[in-house]
Amino acid sequence: MRKFFFNLSTFLLVLVSSVMLCHQAVGAAGCPSGWMSHGSYCYRALYGPGRTFQEARAACLDSGADLLWAETQEELDWALQSGRFGIRDHWGQCGNCSETYSGWIGAQGATLSDSQQSSDLVWLMDGSPVSFKFSWYLGKPKLSPNDFVSLTEATSPSRLRTDAKTDKKFPICKMNPNSQRGPCPSDEWLQFEVFCYILVKGSNGRNLTEAVSDCQRRDPSAHLLWITSQAEMDWVMDFSARNWRLREDYGAQCRDCRFLGYAAWTGLYRDEAEGEKFKWLIDNSNVDVTVKWFVLDPGNPPRNYGYIYETTSDLYFRTYSPEAKHYHFCKAPVFVSTTAPTGATATTTIATREPTSTHETVTSPPTSSDLTTPQSTHETTTDLSTTNTAPQGACPSQNWLQFSGFCYILVKGSNGRNLTEAVSDCRRRDPSAHLLWITSQAEMDWQGNWRLREDYRAQCRDCRNLGDAAWTGLYRDEGDGGNFKWLIDNSNLDVTVIDNINDIRVYNTNWAYF
């Protein structure tokens, strides 16, 4: 697990744990050491601190696997054999988990009915529906929002249950040891330069909120299409070379698509609060490429959200309100894997694909609760020479400082970041990273020589508003009696915050920083 600090405008203090997922020499059964073999696949649970559903999937993806899916009833029955994954035996490591003795698998449902059926569930690995019966804990799944499936070893044999995606559990992963992961999530995606693209079709359209969630379900780093160069725009909109079959399949397949058809949502939207500029949902950045609009478009507010529209001879952008049901375009960075030695035989797989927040984007322009990807900025880091420095390989680099199983770094530079950008940069630096959260008083009391005040004033050009500051993941939940919580999992603050000259302070009422 990784944690991060961010200052109010420029400094980033990042906290990550030692690498937990290691690939070792392949054994006789064809699986890496520590993985079980069944059929042609490899399986294991990842022990340690509990993870939310999204964090669990990111951990599996980082190891070249995915959350467990089953292709047959026999495979699922094998996985449900008593104590198969050793979850109960290792539950003591999951200090932040409830007593469910369970691990996340890769199934979820939009809305689960009060029944024993699994027909509303899909496998995240490929979006296919679950086609066989699940053996439910206590006879049936819980109702929404408990739509995310886990395997519990609280019974013998094991059973399946549903919980909220913010619950903490072990990940249960599955991999194909004979296949090398390509640069894109699957063969259905198209690659252009360093990004992957897919036009999601089917018998049912999605409104804007559903489209965003579907992209993130398909890959933790995916989002509705955003475009950063004119070359990319020209590639996407090349009607003669890019046969998206939008018009043809939309008309033939989609039963509930409506409002100005032959359309696919993108991440383009109009920001009425900022002079009606068009921006990209993923990071609120301005559109700096030429957009080919259809006649009389863009429409007037509230038709603020952009989609691609296909005529008989070309592709155009149009706008509509977010409740419309359309197809949608997803985009994700390519997956690049490298290895670095961490011991005599072990290597660590490092993925550049970054997961997204466990919070889903809403249909209004993004706010500080949304995760975005910041623009690049010149930055430096504080290199602290100390006996607490993590051993080689435990942290991402020697610039990180270790304390009690976690690694910290203060990232500085000439440009600051707001809270939204800070969260996103944490995720960019490490797949399981987040703004700082603190789980013990010893961690709160631990201090490093961050040189925050000195370097903040010397380096940062655009830092402002109560300077010499670094963002944390602490916030005030006005909807829950004003309790302070941690952004990573919405858990309550359960350590003492000292009120002195170096206190944690609050800006704009609810967001805390050092």
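**Entry 1: helix α5**

I call a residue buried when its relative accessible area is under 20%, and exposed when that area is over 50%. I am working with a predicted model.

With that cut-off in hand, I looked up helix α5, which runs over residues 246-253. Which residues of α5 are buried? I found Leu246, Asp249 and Tyr250. These three cover an arc of only 105° around the axis, so they sit on the same side of α5. On the other side I noted Gly251 and Ala252, which are exposed. Next I checked what covers the buried residues of α5, and the cover includes strands β13, β15, β17 and β19.

**Entry 2: aromatic pairs**

I then turned to the rings. A ring pair is described by the distance of the centres and the angle of the planes. How many aromatic pairs does the structure hold? My list has 24.

I picked Trp265 and Tyr307 to start with. Their ring centres are 6.0 Å apart and their planes stand at 85°; planes over 60 degrees apart count as edge-to-face, so this pair does too. Trp265 belongs to strand β15 and Tyr307 to strand β17, and the two are 42 residues apart, so I wrote down that the pair links distant parts of the chain. Both residues are buried.

Then I took Phe278 and Trp293. Here the centres are 5.2 Å apart and the planes are at 50°, so I filed the pair as tilted. Phe278 lies in strand β16, while Trp293 is in the loop between β16 and β17; the pair therefore ties together parts 15 residues apart in sequence. Is Phe278 buried or exposed? Its relative accessibility is 17%, so I count Phe278 as buried. Trp293 has 24%, so I put it down as partly exposed.

I also spotted a cluster: ring pairs link Phe192, Tyr197, Trp235, Trp244 and Phe329.

**Entry 3: charges over rings**

Lys174 lies over the face of Tyr41, 4.1 Å from the ring centre. The charged end of Lys331 sits over the ring of Phe195, also 4.1 Å from its centre.

**Entry 4: nonpolar cores**

Last, I looked up the largest nonpolar core, which has 29 residues. Which of them touch the most other members? I noted Phe85, Ile105, Trp123, Phe134 and Leu160. Among the elements that each supply at least two residues of this core are α2, β7 and β9.

Note on methods:
Residues numbered from 1 in each chain as written. Predicted model: local features only at pLDDT ≥ 70, side-chain atom pairs only at ≥ 80, totals over all residues. Heavy atoms only, no water. Phe/Tyr/Trp six-rings, centres within 6.5 Å; stacked < 30°, edge-to-face > 60°. Helix = DSSP H or I, 4+ residues; strand = E, 2+ residues; numbered from the N terminus. Buried < 20%, exposed > 50% of the residue type's maximum accessible area, 1.4 Å probe, protein only. Lys NZ or Arg CZ within 6 Å of the ring centre and 35° of its normal. Arc of directions from axis to C-beta. Contact = heavy atoms within 4.5 Å. Core = buried A, V, L, I, M, F, W, Y, C linked by side-chain atoms within 4.5 Å.
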